[in-house]
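Please look over the model below before reading on. A short tour of selected sites and packing follows it.

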Amino acid sequence: MKSSTQTILEHSAIPRHIAVIMDGNGRWAKKRFLPRVMGHKRGLDALENMVKHCAELGVRYLTVFAFSTENWRRPEEEVSFLMGLFLQALQKQVRRLHDNNMRLRVIGSRERFNAEILKGIEAAEALTANNTGLTLSIAADYGGRWDILQAANQLIAEGVTEITEEALSRYLMLGDAPEPDLFIRTGGETRISNFLLWQMAYAELYFTDTLWPDFNEKSLNEAIASFQKRERRFGRTSEQLPVEQQRG
């Protein structure tokens with residue numbers, strides 16, 4: 001896929017690709033005097049609703065940050081629960097994705113996952129590989145800097161002497177997908193947090209105080225409405241945009 005720094009990307013009222021940091025599960029639970037793990041359970045429900053609504057709207061790619069390389073620093077019992085929840089989702093929810101013609105893939109390093117989780121990932125990806133609807137990418141043990149480094153190392157291993165932007169892009173975790181048009185982060189934080197650093201060079205950023213378990217169809221519609229008000233210039237002036245893309 002061409003990078004937005006190399007070409008002017010296609011403009012659409014509905015984002016082709018949405019990237020999301022699903023933040024606020026623990027705080028959602030704490031506000032209700034519940035264990036943090038209950039927030040993660042409710043967060044999984046919110047993700048199911050997000051996937052369904054994105055498909056209904058015509059979004060083609062949805063990439064969500066489920067577990068970063070930095071998240072291994074969390075308390076051991078929380079990490080263990082998250083891994084169990086991840087496996088449960090792979091085993092139980094992938095059939096629903098498949099029945100709705102959706103493709104699932106997991107991006108990130110797989111070195112620290114146990115054999116059961118690896119088997120679940122491989123089975124889920126194989127089952128949905130030929131589906132043609134929305135592609136859901138789960139970023140697990142993922143970091144944006146790691147992604148760039150692993151792509152560069154693959155090029156070096158091939159003996160490439162000059163690393164170009166186009167060549168590097170092919171080896172990134174989402175090298176075959178369009179770059180995100182819209183990035184959403186819930187929970188009130190206003191950071192990208194090492195997520196898709198290369199791919200989000202020209203993404204429109206949307207931050208909301210809504211905690212992830214409370215992020216629903218209305219919340220997504222509001223994020224897309226904000227996206228639709230933006231001028232996506234890619235280095236051009238407002239006057240150079242097609243009339244339908246110019247703000248009134």
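This report covers the annotated sites, the nonpolar cores, a loop asparagine and the cavities.

This is a predicted model, in which local features need pLDDT of at least 70, side-chain atom pairs count only at pLDDT 80 or more, and totals for chains, interfaces and linings use all residues. Residues are numbered from 1 along each chain as its sequence is written, and side-chain values use heavy atoms, with hydrogens and water left out.

**Annotated sites**

An unreviewed UniProt entry places the feature "active site" at Asp23 and Asn71. UniProt positions follow the numbering used here, feature names are shortened, and annotations may be inferred rather than shown by experiment. The two residues are spread over 49 residues of sequence, yet they cluster in space, with a largest C-alpha distance of 12.2 Å. Both Asp23 and Asn71 are included in the lining of the largest pocket. On a 1 Å grid over the protein atoms alone, a pocket is an open set of points with protein on both sides within 12 Å along at least five of seven lines; a cavity is a set where a 1.4 Å probe fits but cannot get out; lining residues have an atom within 4 Å of a point.

Asp23 sits in the loop between β1 (17–21) and α1 (25–31). Helices (H or I, at least four residues) and strands (E, at least two) are DSSP runs, numbered from the N terminus. Asp23 counts as buried because its relative accessibility is 16%. Buried means under 20% relative accessible area, exposed over 50%, and partly exposed in between (1.4 Å probe, protein chains only). Beyond neighbours within four places in sequence, Asp23 is in contact (heavy atoms within 4.5 Å) with residues including Arg185, Thr210 and Trp212.

Asn71 lies in the loop between β2 (61–68) and α3 (76–92). Its relative accessible area is 16%, so Asn71 is buried. With neighbours within four places left aside, Asn71 is in contact with Ala66 and Val79.

**A loop asparagine**

Asn131 belongs to the loop between α5 (115–128) and β4 (135–142). Asn131 is buried because its relative accessibility is 13%. Outside four places in sequence, Asn131 is in contact with Leu97, His98, Asn101, Met102 and Arg103.

| Side chain | Partner | Distance |
|---|---|---|
| Asp23 | Arg185 side chain | 3.0 Å |

**Nonpolar cores**

Which residues touch the most other members of the largest nonpolar core? Of its 43 residues, they are Ile18, Val20, Met50, Leu62, Phe86, Leu136 and Ile184. α3 gives the most to this core, with eight residues. Another core of 14 residues lies apart, with Ala19 and Leu196 among them. A nonpolar core is a set of buried Ala, Val, Leu, Ile, Met, Phe, Trp, Tyr and Cys residues joined through side-chain atoms within 4.5 Å.

**Cavities**

The structure holds three cavities of 30 Å³ or more. The second largest cavity has a volume of about 40 Å³. Grid points are joined across faces, edges and corners, and a volume is the space filled by probe spheres set on the points. Its lining includes Met50, His53 and Phe215. α2 (36–57) and α8 (217–228) each supply at least two lining residues. The largest share, four residues, comes from α2.

Technical notes
Polar contact = N/O pair within 3.5 Å; in protein donor to acceptor, adjacent residues only side chain to side chain.
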